[in-house]
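Good morning, colleagues. Today I should like to take you through one structure, with attention to its charged side-chain pairs and one of its helices.

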Amino acid sequence: MDRVLQRTKILNNHLLQASPSSPPLSSNACLNYSPPELSEICAFDVKEMRRLIDWHHMELRDHLFGMISRSKLFNPRVRGGKVFVSPDYNQPMEQQREMTSKRIDYLFERGVFKGWLTEEGEEVELRKFASFEVLAICDHSLGIMLAVHFFLWGGAVQVFGTKHHHDKWLKDTETNVVKGCFAMTELGHGSNVRGVETVATYDSNAGEFVINTPCESAQKFWIGGATNYATHAIVFSQLNINGTSQGVHAFIVQIRDANGKVCPNIRTADNGRKTGLNGVDNGRIWFDNVRVPRDNLLNSVADVSPDGKYLSSIKDPDQRFAAFLAPLTIGRVSIASCAVYLSKVGLTIAIRYALTRRAFSLKPNEPEVLLLDYPSHQRRLLPLIAKTYAMSFASKYLKTLYVKRTPHSYKNIHVFSSSFKATFTWNNLHILQECREACGGQGLSSENHVGQMKAEFDVQATFEGDNNILMQQVSKALLAEYVVVMKRKKVFKGLGLEHMNKPCPVIPSQLTCTTLHSSQFQMAALCLRERDLLNRLAFEVSQHQAKGLSKEHAFNMSYQLAEDLSRAFTDRAIFQTFSEAEATLASGPLKDVLGILRSLYGLICLEDSAFLRYRYLSVDNSALVRREIMKTCGEIRPHALALVSSFGIPDAFLSPIAFNWIDANAWASVQH
């Protein structure tokens, strides 16, 4: 009983605060939202920074943002006194697809796509890239449907077709009279396009090709627009002439009439609900003796005469096949550039939230600390800002390379588009995941975008080239270049490998902080890693071949080195574009901040495990890199708001937690 009385007395004293040494209990004042603009500095011109990273068609971007935000088709809703637009991901799949179709019509009616296929030149191509970067931000399903229609279907007609194809199909595609899809992938073959099993047999008596799906694994699979939307398809098939296969070729096949009815001898089915992109009607297609005119063979690379003779100016089957993959290049360039803008959206939301959300006090009776004032939170998000700026400059380089392309630059475009598409989309998924977690539970809400965006853009890692396979292609191209240079005893030229002609860089055994932040040192370290890994890969592959392995088998056995090499190439290439952008600026606040960002990006590249694995950095130097990353995050912290504001994403395309998240979640919003 005494024990019960003693515990009662302790509890009573605690509740009544009887101890004179204890401060009286009181409730905290209610939290108030304070816009970060009131407290954060802006040490440089935000508009000028946006011009630097957006680079082109800023007025067009803003015009499209305005056109979309004013339409009820894009689901505008008021939260916390601001209007936000985004798809309603809670709608049934069929309704999401219907809304995608209506949004496409809305943009066509307003002339957004005028000249996209009937005009030529750098300006129209950059205009397309800018438009897709905006569309990807507002509705990924919309962007994908239009990319399939213009870049894949339209691009295939442009690249594979000749004048009579252009005259017949391009204007109707540009005005949406013809709705195109791209039937390459099959149930049994995705990345291995050479292995597709659909067959097109030439009938010389009728002057027609007969297209068949010979087995279930040959059904066209994951074809965007195939279930309901598309009227025509580019069908990739094995061309058979008199019993001889001439390899994969592309054919125009009508799959629906103007009323949406599936054409005779064609069967379609729905791929069903997906983890994202449910506004795209991905479907499956079977062909049962479908006949198309001889003119429907896209014949810029190869043709078939009326009497059945196979004609091609490209005699090498490998080169001929490579020519058929050309339309995928523009898709990869667009996917890479769009991934950068999605990272910008995620980071803008997460940074703005971290500048207004508080958690825990360091001392009693002190205000809670802003999330972004915690070093751990800075370490999570601020290096991702540096990475996104780096990707912005690399994207500018890639788009420039593409729009100024010549026959001599195709190899470079293939390598850089493969490298950047894979890396940017992987980075984007990582950035969105980190931003989602940095927003806590709020990041799970679909109206706050970040978590939903990750689900929507997960597909980026595997469509239009599986990322792992694309990076293998990068390493194979570097290895091939190395072998040719060594065999012919020439110098390296192209792919940024000119540094291989210079003496090998040496990293000091004891690095200083000043050296670590130097652009010249960071570039030298990245070149050293790339150089050494290329030498290692060439040696290891040759060792496997000396034991009797084929070239392909030898490369596959060296895949770990190949992975490290492709990452080293990409990091060096991206860093080079960042460093060159910094060098072009005149002295001033913009250059100062960009220099800190470049330094941070270089440091996070040096943090890669390869620098320890291959002993380019000692353990002590690697530890110094880590300490300097934390220090540099602290230097970036005062500029965080200005840096994400420079991304130029309008408020309507962000989310409630980027602004007054208290009002957005108030009871009044529930009643409304």
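Let me begin with a term: a salt bridge here is a side-chain nitrogen of Lys or Arg within 4 Å of a carboxyl oxygen of Asp or Glu. The model is predicted, so local features need pLDDT of at least 70 and side-chain atom pairs count only at pLDDT 80 or more, while totals for chains, interfaces and linings use all residues. Residues are numbered from 1 along each chain as its sequence is written, and side-chain values use heavy atoms, with hydrogens and water left out.

How many salt bridges does a search of the whole structure find? The search finds 36.

I turn to individual pairs. Glutamate 208 and arginine 291 meet through their side chains in a salt bridge of 2.9 Å, N to O. Glutamate 208 lies in strand S5 (residues 208-212) and arginine 291 in strand S11 (residues 290-293), so the pair ties together parts 83 residues apart in sequence. Helices (H or I, at least four residues) and strands (E, at least two) are DSSP runs, numbered from the N terminus. For accessibility, buried means under 20% relative accessible area, exposed over 50%, and partly exposed in between, with a 1.4 Å probe and protein chains only. Glutamate 208, at 24%, counts as partly exposed, and arginine 291 counts as partly exposed at 44%.

A second salt bridge joins aspartate 288 to arginine 267, with the closest N and O atoms 2.9 Å apart. This pair links distant parts of the chain, 21 residues apart: aspartate 288 is in the loop between strand S10 (283-287) and S11, and arginine 267 is in strand S9 (residues 266-270). Aspartate 288 is partly exposed at 27%, as is arginine 267 at 40%.

Are glutamate 530 and arginine 572 buried or exposed? Both are buried. Their side chains form a salt bridge of 2.8 Å, N to O. Glutamate 530 sits in helix H15 (residues 519-546) and arginine 572 in helix H17 (residues 559-583), 42 residues apart.

There is also a network of salt bridges, which links Arg50, Asp54, Asp62 and Lys344.

Finally, helix H11. The expected span of a helix is 1.5 Å times one less than its number of residues. The 29 residues of H11 (residues 410-438) should therefore span 42 Å, and the end C-alpha atoms, 41 Å apart, agree with this. Of those 29 residues, 22 are buried, so H11 is mostly covered. Glycine 440, with a positive phi near 60 degrees, follows H11.
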